[in-house]
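Hi,

Have it open while you read.

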Amino acid sequence: MLAALEQARKAQAAGEVPVGAVVVKDGEIIGVGFNAPISGHDPTAHAEIRALRDAANTLGNYRLPGCELYVTLEPCAMCVGAMLHARIARLIYGAADPKTGACGSVIDLFAEPRLNHHASLTKGVMAEECGALLREFFAERRAKV
């Protein structure tokens, strides 16, 4: 999660919502990503999607079996869908997202029995640190308005 927080700080430095993600296989980071939808003019440029793309490029395969994804914020439905298609084995996230979280906060796509893949889920890892980064970012943004 420390590596994902480092990615989140890169997003923050770029003026993006500070969310970071890393994909790990056999204890080694094989993919990294941070939020970039604003600068990239790309609604799909979430940290998780970028980390999955990086990992898939590293492995030369769009499937990522045996991989774990660490992300600082509970993923949205789009990102969970991408994880399911990639066959991620385990998701570990920090702060919950009560507005768009698709891992239990709003909906739990990993628990949907009709979907053809399921991953194990670990919630709340370094949640305070992950949440603090987001709170600071939005407080600073509100202060500028």
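A word on terms before the helices come up: an axis here is a line fitted to C-alpha atoms, for helices over the stretch in contact, and angles run from 0 to 180 degrees between N-to-C directions. Helices (H or I, at least four residues) and strands (E, at least two) are DSSP runs, numbered from the N terminus.

Please keep in mind that this is a predicted model, where local features need pLDDT of at least 70 and side-chain atom pairs count only at pLDDT 80 or more, while totals for chains, interfaces and linings use all residues. Residues are numbered from 1 along each chain as its sequence is written, and side-chain values use heavy atoms, with hydrogens and water left out.

Let's begin with the sheet. It is open, has 5 strands in the order β2-β1-β3-β4-β5, and its pairing is mixed (two strands pair if DSSP finds at least two bridges between them). At the edges sit β2 (28–34) and β5 (120–122), each of which pairs on one side only. From one strand to the next, the twist averages 15 degrees.

Both senses of pairing turn up around β3. With β1, β3 pairs in the antiparallel sense over 5 bridges, and A21 stands opposite V71 in β3. With β4 (residues 90–95), β3 (residues 67–73) pairs in the parallel sense, over 5 bridges. If you want to trace that pairing by eye, Y70 stands opposite I92, V71 opposite Y93 and L73 opposite A95.

Buried means under 20% relative accessible area, exposed means over 50%, and partly exposed is in between (1.4 Å probe, protein chains only).

T72 counts as buried because its relative accessibility is 2%. Leaving aside neighbours within four places in sequence, T72 is in contact with M1, A4, L5, A8, P18, V19, G20, G94, A95 and C130, where contact means heavy atoms within 4.5 Å.

Now the helices on the sheet. Helix α1 (residues 2–13) lies across β1 (20–25), β2 and β3, and runs at about 145 degrees to β1. Helix α3 (residues 47–59) also packs on the sheet, where it touches β1, β2 and β3, and its direction makes about 140 degrees with that of β2.

Next, helix against helix. Two packed helices are described by the angle between their axes and the distance between the axes. For α3 and α4 (residues 77–86), the axes come within 9 Å and cross at roughly 20 degrees, so the two are roughly parallel to each other. The cut-offs for that wording are under 35 degrees for roughly parallel, over 145 for roughly antiparallel and 65 to 115 for roughly perpendicular, with the rest called oblique. The α3 and α4 crossing is left-handed, that is, the near helix is turned anticlockwise from the far one by less than a right angle (clockwise would be right-handed).

Which residues make that contact? They are E48, I49 and L52 of α3 with M78, C79, A82, M83 and A86 of α4. By class, the contact of α3 with α4 has 7 nonpolar, no polar and 1 charged. Here Ala, Val, Leu, Ile, Met, Phe, Trp, Tyr, Cys and Pro count as nonpolar, Asp, Glu, Lys and Arg as charged, and the others, Gly among them, as polar.

The other pair is α1 and α5 (residues 127–144), whose axes come within 11 Å and cross at roughly 5 degrees, which means that α1 is roughly parallel to α5. On the α1 side, L5, A8, R9 and Q12 meet E129, C130, L133 and F137 in α5. This contact has 5 nonpolar, 1 polar and 2 charged residues. E129, in α5, counts as partly exposed at 41% relative accessibility.

D26, in the loop between β1 and β2, has phi near 55 degrees, a positive value in a residue other than glycine. D26 is exposed, with a relative accessible area of 74%. R87, in the loop between α4 and β4, is not a glycine either, yet has a positive phi of about 65 degrees. R87 counts as partly exposed at 22% relative accessibility.

Cheers
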